[in-house]
Each structure stands twice: as C-alpha cells, then as structure tokens.
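Please look over the sequence and the structure shown below, and keep both in view while reading the report that follows.

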Amino acid sequence: MLEQHSLINDIYIENNRIYFDFNNSEINQILMKSKSLDIYFEFERDNSIDLVKLLSENGEIILKKTKYLLFSSDSNGDERKLYFPTFISNKGGYIAKNLKINTIKNQYIISLYVDLNYNLMIEVKPEPAINKKEYIVDMEGFTISSQVLKLDLKVSKLSNVDDCADEEKIDNKIDTTTMKLLLVGKSNRDTIYLDAINVIDNKVHFTIDLIKLLKEYNYKIKPLLMIDGNPYWIKGPDKLNLRIVELYNHNNFKCLKVIKDKLGNILLDINLKLKVCPVISELKYLENFYIKGNINSNLNIFHHPSINTYLQLISGDGKFNQSYIVELKNQIFSIEIPKEDLLILKDSFPGNWKMELISMYNNVPLIKSGIFANSKGTKLAKRKVLFNKELDVDTQILLSKIIIERNSKTVQLNLKNNITISKILSVTIKKHKLQVKFRTLENLEKLSNINTLISNLIVNGMKLSQDNIKIIGKKTFVCEYTTDDPEYIADYMYKKGVNVEVLYDNRLGRSFVNDIDKDTIYHTFWQKVQASKKYKLIVRRIYKNVLTKLPMKNNWIVYESFLGRNMSDSPKYIFEYLEKEYGDKYKHIWVFNNKRDDLPDYIKQVKRFSFQHLYYIARSKFWINNMRQPVWFIKREKQIFLATWHGTPLKKLVFDIEEIHSANKDYKQEFYTQSRVWDYLLSANKYSTQIFRRAFRFDNPILELGYPRNDLLYSNDINQLTLNIKKKLGIPLDKKIVLYAPTWRDDEVLKPGKYKFDLVLDLKRLRKELGNEYFFVLRTHYFISNYIDVDGLEDFVYNASNYDDVTELYLISDVLITDYSSVFFDYANLKRPILFFTYDLEKYRDVLRGFYLDLETEGPGPIVMNNDEIINQLRDFNKLVQDYKLKLEQFHERFCSWDDGEASKRIAEYVIVKNSD
C-alpha cells in the first residue's frame with residue numbers, strides 16, 4: 001500500500017506557492033515534470049516552490065539545474081520512489097486544478113497532478129490578461145527632494161477597449177489600495193512594490209527612495225502601475241532630460257536617468273558608474289607650479305554643488321598628504337602649487353609624491369584616481385621624466401622632477417635636495433655627545449668635493465652643529481654633536497622628528513626625518529653591540545650548538561606578548577594567576593624589547609633576541625606566547641609551547657586567505673612551520689576552534705577553556721578597578737568614554753612589520769559636536785601605534801595606543817568603535833554598545849582579507865560609514881543601547897559564553913601545574 005511508504009504527507013497551494021510536507025526530513029529535492037522537461041527543485045529554506053518565479057515571459061517552465069537528484073539507490077540497489085499522500089489514489093489524481101497565476105505580463109492557468117507512474121506533473125496554459133487597455137497611465141511629472149524621487153501619474157479610464165477619448169475621475173471608481181507602483185528589474189523577476197501616497201482626481205502620487213533603489217538594483221528599472229492586479233505601462237512625456245547625482249555605498253558613484261524606450265515607456269536607468277582617467281597635457285613653472293589636463297570622465301558631474309575635486313599629493317611613506325583645489329571647466333582641470341609648498345613637501349618627505357585626483361561628495365570620498373601621462377602616441381607619454389628643474393626657494397636649492405611611475409604609468413612628483421637625508425639609521429647616546437648615523441638618497445662617493453659636507457640638527461628650535469663627520473659607505477655617514485642633555489634630544493627626535501641641514505658646495509638643503517625606530521636609539525654601548533648583525537649571528541650559533549644542550553628547568557616559564565612590546569593579553573593573566581596562587585614555585589621570565597622600571601625584581605626581564613633571551617628559551621620547560629615565535633627557534637624534547645593566540649577571528653587567517661597582500665609573501669609557509677611547534681592552542685569559542693583547525697591546519701589539542709585576557713571583565717570589584725584606571729590615565733570621570741580601536745590594513749605597508757594608517761575619524765569635528773558629553777580614548781593596532789597625533793586635542797582625546805593592556809581600556813569605556821579588529825568579540829563580554837566604523841568595508845572584505853562573519857547581519861552593532869553617522873549614533877546613546885540589546889545578548893551567547901573570569905586558572909592548572917611536577 002502506498003500509505004505505508006508515503007514520503008510526502010501533504011501537498012497544498014497557497015498564495016501562488018506549492019507547499020510540501022515531507023515525511024522524511026532528509027528529502028530536500030523534488031522532481032516535477034512538464035510535457036517536455038524534467039525539473040529538479042532543491043529546497044534550502046522552506047519546502048515550497050514559487051510558481052510565479054517559475055514562469056518566463058513565454059509561459060514556459062524554467063529548468064533549474066542541480067548537482068544531485070532526489071532519486072537515489074537504496075542498499076539493495078533499487079531506485080527510491082517519491083510516494084504521495086493517501087488522498088491520491090492508485091490511478092493518480094489532481095492536487096490542484098485551474099489555478100490562476102499572475103506574472104508581470106501574463107496570466108496563466110496552472111494544474112498540478114500525479115500521473116499513473118507517480119510522477120508529479122505541472123500543466124501550464126497561458127491565458128491573456130483581461131481588458132489590458134481598461135486604463136491608460138501617463139507620467140505627469142517627477143521631482144527630486146532629499147534623495148527621493150516623487151512621481152506623479154495620470155490615470156485615464158476608457159469607456160471601452162477601442163475608445164481612448166472619454167476620461168473619468170477614478171478616485172471614487174476603484175479601490176485606491178489596489179494601486180501599486182511596480183519597479184521591475186532587468187530580469188523581470190526582481191521587483192519592488194510601492195503603495196500610492198495619495199489619489200486626487202485622476203492623479204496618483206508615489207515616492208521612491210533612491211538610496212534604497214541604487215543599493216539594490218544596478219540595472220534599468222521598468223516602472224509599471226498595478227491596478228486590481230493588472231499591470232499598465234507608464235507612458236512618458238515628450239521630453240525627459242533629468243539626470244540625478246546619487247551616492248551608492250559610499251564607494252561607487254552612480255548616475256540615475258529617467259528615460260523613455262522606443263515605445264514611449266518609462267525606464268529608470270541607474271546602470272551608469274562614474275569612471276575617470278585624468279591625463280596631464282601641460283606642465284610649467286612660472287614662479288608657481290602649474291598642472292593642466294583632461295579629467296576624461298564618462299559622466300560630467302564634477303560641477304554638481306555637492307562635489308568638490310582636489311589634487312592630493314601623498315608621500316611615499318604614506319604619512320603625509322597635501323591637497324589643492326582643482327579648477328574645472330567642462331572636462332579640463334588646472335592646478336596651481338605654490339613654490340613655497342614644494343619646500344614644505346620636500347622637508348616632510350624627500351622623494352616621490354604620488355599625485356591623485358580625489359572628488360568628495362558631501363565630504364565623503366567619492367572617487368580617487370592616479371594622474372596619468374598624456375594620451376597614447378604623444379611625446380609626453382614616451383618620456384619617463386616629464387619635468388626637471390632646479391629651484392631656488394628661500395635660500396635652499398630644491399631639485400624638482402615630474403616622472404612616470406614605471407608599473408602603474410601614473411605621474412609622480414619627486415622632490416629632494418642636492419644632498420637629501422632619507423633616514424636616520426641609529427642614534428647613540430654618549431656623555432654630552434650624540435652620535436647619529438644618516439642614510440642619504442645620493443651616492444656620496446660620486447660627490448666631487450666631499451670635504452665641504454656639513455650637517456646640523458635643528459631640534460625644538462635649537463641648532464646642534466657637528467663636531468666631526470665620517471663617510472662610512474656609499475650612502476651613509478656619521479656625525480657627532482655636543483649637547484648637555486643627549487637623552488632629551490634623542491627622545492625629542494623620536495617623538496617629534498628632526499630637521500637635518502646639509503650644506504654641500506655652499507648649497508643648503510634641509511630634510512625632515514620623523515620615522516626613527518625606537519629600537520635604534522642606543523643608551524649604552526652594549527645596546528648598540530646587541531643590535532649588530534654580527535652579535536646576533538654569534539649568539540644564534542651559541543644557542544643552537546650549546547644552550548639547547550643544557551639541562552632544562554621544570555619550573556621556568558618564558559612569557560612573551562605582542563613581540564615583546566608589553567606585558568598584556570592572555571600571557572599576563574596566566575602569569576598573574578600562577579604568581580598569586582603558587583608564589584615562588586615558578587621562575588617567571590618576561591621578554592621585552594626594552595627594560596621596564598615598573599616591575600618587581602623577582603620578574604626576570606630579558607631583551608628580545610639577546611643572549612639571555614636565548615639562554616632562558618633553551619632551558620625553560622614552558623613557553624607562553626600570544627604571537628608566532630621566530631622560525632629559527634628550536635623547541636626541545638619535553639618542552640611545552642602554549643600558544644594563546646590573540647583574539648577571535650573576523651578576518652580570514654592563513655590558509656583561508658586566497659591572496660596575501662601583506663609584506664611577507666612567505667607568510668603561509670612560515671606560519672605552518674611555526675605552528676608545528678605549538679603543543680596547545682587556546683580557543684574562546686566553538687567558532688574559533690573550527691576556524692583554527694582549518695586555517696592553521698592544526699592537529700594538536702585546542703583548549704576550549706575561554707580566554708584568560710577576558711578574566712578581568714568578570715572581576716567582583718569592577719567599579720573600583722574602572723575608577724582606578726581612569727584616575728591613573730587622567731580620564732574624565734563625568735563623561736561617557738568612547739574607545740576607538742581600529743586595526744591595520746594589509747596593503748598599507750611601509751616595510752615588513754611597519755604599516756601606515758590614515759585616521760579617518762575627524763577628532764576636531766567630534767570634539768565640537770560631542771565634546772560636552774564624550775571623551776575619546778584611541779587604541780590603535782601595535783603595527784600602527786606610532787602614526788597617531790592628537791596634539792592640541794588633549795581635552796577630548798587620550799592616545800592609549802602604547803598602553804599595555806587593552807582589557808583595562810574596555811573597562812573604562814562606555815562604547816566601542818572599531819572596524820575589523822577582533823576587539824569587539826572580547827568587548828561583547830561587557831554587553832556594551834559597539835559601532836563598526838567600516839568606511840572601506842567593500843575593499844577590506846572583498847579584496848584584502850575576507851571575513852568569516854557578515855558584519856552587516858551578524859555584527860552586534862550598527863555599521864557606520866562616516867563621521868556624521870558616528871555623531872548621530874552617539875547623540876542618542878540610550879536608543880543605541882536599546883536597539884542592539886537583544887543582538888548583543890545573542891552575540892554574547894555565541895562567542896563569549898566560555899568566559900567567566902576563571903579561564904586563567906583552568907589553563908594554568910591544565911598546562912603548567914599538571915606538567916611541572
């Protein structure tokens with residue numbers, strides 16, 4: 001009997017859909033047959049088929065191809081059959097008969113039945129729509145107001161199909177609720193329905209949200225008026241010439257046009273994207289510098305009142321930029337750069353400056369484009385150097401070139417002196433002396449009169465003249481300067497930069513250097529020795545051949561956090577637990593880049609990569625690290641490496657990344673080698689465990705015990721802790737605290753391990769709008785912590801980028817603003833509001849890294865794309881809290897449920913205590 005093996009309990013039709021009630025939950029596909037096609041449907045979300053979407057304009061069934069068939073063989077090799085409910089007899093029967101289905105253009109009669117072979121059949125008969133010419137719809141006009149298109153339609157009722165002369169008022173003749181404006185996409189199946197605003201006489205008024213329209217549809221839209229379920233084309237007036245500038249996703253520019261097709265029907269064309277290719281046609285220097293060219297845009301929108309266009313010069317290290325207003329006349333642009341500015345630009349960064357044309361729409365970046373050499377085939381395009389002139393500016397000799405960048409063919413401005421300081425390699429502090437090693441752009445050996453070379457330092461208005469100078473390489477020389485306070489001078493140079501005057505052959509040049517690596521400032525001779533390549537080579541050989549052969553100490557633990565930058569993260573909290581509970585049972589060795597004066601003597605401090613560091617690494621049984629260790633480290637037998645990692649991942653990791661954009665192209669191979677050393681890896685949630693297994697290709701134990709670094713967030717005395725931290729940092733006690741914690745960008749790289757960062761957050765404007773109620777704390781990623789300057793904003797901003805422990809900053813803040821940093825996973829433990837300032841979302845998500853989560857739908861807070869949206873969200877703080885309360889609770893349950901304040905204890909006991917006896 002069929003009923004004994006029924007796989008479908010019921011089939012019914014409702015709202016133009018076929019619904020299936022399956023007896024077997026594993027069935028997710030079904031076979032239907034028309035007269036000519038076998039159609040397999042795969043169910044993903046609900047067990048239904050939308051009949052309207054199955055019908056094309058010709059009334060044929062659309063064949064959906066799937067990889068799998070519902071019918072499969074059982075264990076005996078017999079084919080499984082699709083059985084139906086008991087109400088269908090052995091002779092087959094109708095499930096539904098003569099069901100009317102309306103699509104955009106046609107009406108169909110649908111019948112659904114089971115044939116004698118138990119095939120599910122669908123029969124489709126097209127039926128012409130009744131009396132299509134009952135109404136005529138004409139466009140009366142349209143206007144734009146606040147990014148809304150207002151559409152006014154005139155509806156005329158005909159006395160009969162062939163007579164178009166007699167018009168009647170329709171407002172009392174039909175139900176106005178049946179009038180809907182139907183916006184039909186290019187495929188005729190993507191639609192938006194809009195209700196009429198009002199109907200007066202025979203005029204129907206609609207409003208269309210253009211931002212929504214531009215966001216959802218990237219092709220021509222056909223507007224139709226639906227009356228009583230029947231579609232009517234909208235006829236346009238004789239002339240249509242409106243073109244509206246709109247913003248799409250704060251990234252792509254689109255242009256909307258209202259046009260007519262050949263039949264007079266209305267189309268809303270939003271398929272146009274702004275494309276520009278600015279090309280230089282003329283360069284000249286007459287007191288000031290002049291650039292002229294053609295903007296080469298497919299849309300002539302640059303004269304729109306909300307659009308401003310600038311030339312932006314960006315230094316080669318990405319840390320400096322300068323903008324100039326672009327004058328536009330039709331497609332021709334012209335720019336004037338004062339010669340005094342060239343000197344300032346050169347002092348900021350000697351070398352190549354990238355030239356970009358940037359347009360702003362309502363102060364939001366609309367489009368950026370490099371500037372190119374002239375059109376193909378002209379002399380200008382064939383020359384690498386377009387302009388070359390020596391300029392005398394304020395007693396300085398400035399060499400100025402305009403060159404074509406080899407790879408991108410874009411134009412760059414090159415500025416330098418006759419002798420230009422490109423970098424300070426080291427600063428050595430002696431008694432009343434400061435020794436500085438310089439790197440130049442020029443080859444010093446080619447100078448004709450090297451004995452005339454003189455250098456001076458200008459620091460905070462003071463000039464230090466050289467005592468002696470020594471050339472030690474083709475592009476390197478060393479000078480010594482006398483000063484009463486060399487420590488102060490060195491510290492000022494590191495924090496504020498230094499002007500270096502170089503006089504050669506009676507020609508003066510000045511270079512400003514502000515990127516001095518703190519690790520290259522040596523306070524003692526021994527520090528300088530330790531930093532030398534020769535010392536490191538010797539120490540590594542001793543480590544490999546001698547130190548790794550010494551006996552191990554079972555109670556020695558080496559800790560390292562963020563490559564020796566601080567004492568923080570999970571290693572810090574594991575250390576604090578062991579110190580509190582076990583006293584002096586363990587010897588704690590912390591690895592730092594520089595010695596700290598704020599730690600007790602019983603904590604052994606070692607300088608990273610020093611002899612002592614390698615000695616303790618070789619002899620300690622336990623390593624605890626939140627980052628990767630160097631590839632050349634040797635893990636001995638019975639040593640235990642606990643990798644705490646440093647966050648729940650949003651961004652794709654290692655082998656999940658398709659293309660590496662960071663500086664190290666061997667990243668994947670190195671990571672694989674390093675992670676083979678790890679005995680244990682920590683995970684804060686099941687989500688992380690699954691990603692780590694796959695992305696790290698990690699087979700050793702993953703400890704699903706929570707994150708020690710979040711233990712502080714569950715302290716019993718959290719209020720007192722918060723107060724103490726605020727007082728220590730000088731943070732206001734009477735204002736809401738906003739923590740801004742952005743991450744770095746993989747492609748904004750200066751060199752391996754060093755990245756630039758442009759602060760898009762407009763702190764001056766935020767202070768003006770929010771300063772009475774809010775105070776901002778900045779905490780950037782350690783890769784970019786030296787690139788934030790808040791001078792003059794101390795009453796509104798505290799730069800905590802170099803503060804040890806970000807967990808303490810969570811405690812003192814009332815709201816977090818981040819982008820793609822993993823901090824929001826940890827911050828969610830507090831269930832406080834989170835804003836996602838993701839102004840470059842599409843690029844970061846789709847090009848640079850890719851995400852494991854959809855921030856827009858799964859993130860625990862709103863996406864904000866500009867400073868306006870940040871201000872609006874913070875102004876209504878209570879609404880922000882209320883709107884995302886439920887989402888934060890759900891997010892907390894998914895990602896933070898393992899954190900309870902006891903993770904350090906669980907992990908320390910399991911990994912350290914258990915294995916040290």
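Helices (H or I, at least four residues) and strands (E, at least two) are DSSP runs, numbered from the N terminus. By this rule the chain holds 21 helices and 53 strands. This is a predicted model, in which local features need pLDDT of at least 70 and side-chain atom pairs count only at pLDDT 80 or more, while totals for chains, interfaces and linings use all residues. Residues are numbered from 1 along each chain as its sequence is written, and side-chain values use heavy atoms, with hydrogens and water left out.

Of the 917 residues of the chain, 50% count as buried, where buried means under 20% relative accessible area with a 1.4 Å probe, protein chains only. In helix H3 (residues 339-348), seven of the 10 residues are buried, so H3 is largely enclosed by the rest of the structure; among them are Asp341, Leu342 and Lys346.

The axes (lines fitted to C-alpha atoms over the stretch in contact, with angles from 0 to 180 degrees between N-to-C directions) of helices H7 (residues 533-545) and H9 (residues 611-619) come within 10 Å and cross at roughly 20 degrees. Because angles under 35 degrees count as roughly parallel, H7 is roughly parallel to H9.

| Helix | Residues in the contact |
|---|---|
| H7 | Tyr535, Val539, Arg540, Ile542, Tyr543 |
| H9 | Phe611, Leu614, Ile617, Ala618 |

Terms used. Angles under 35 degrees count as roughly parallel, over 145 as roughly antiparallel, 65 to 115 as roughly perpendicular and the rest as oblique. Contact means heavy atoms within 4.5 Å.
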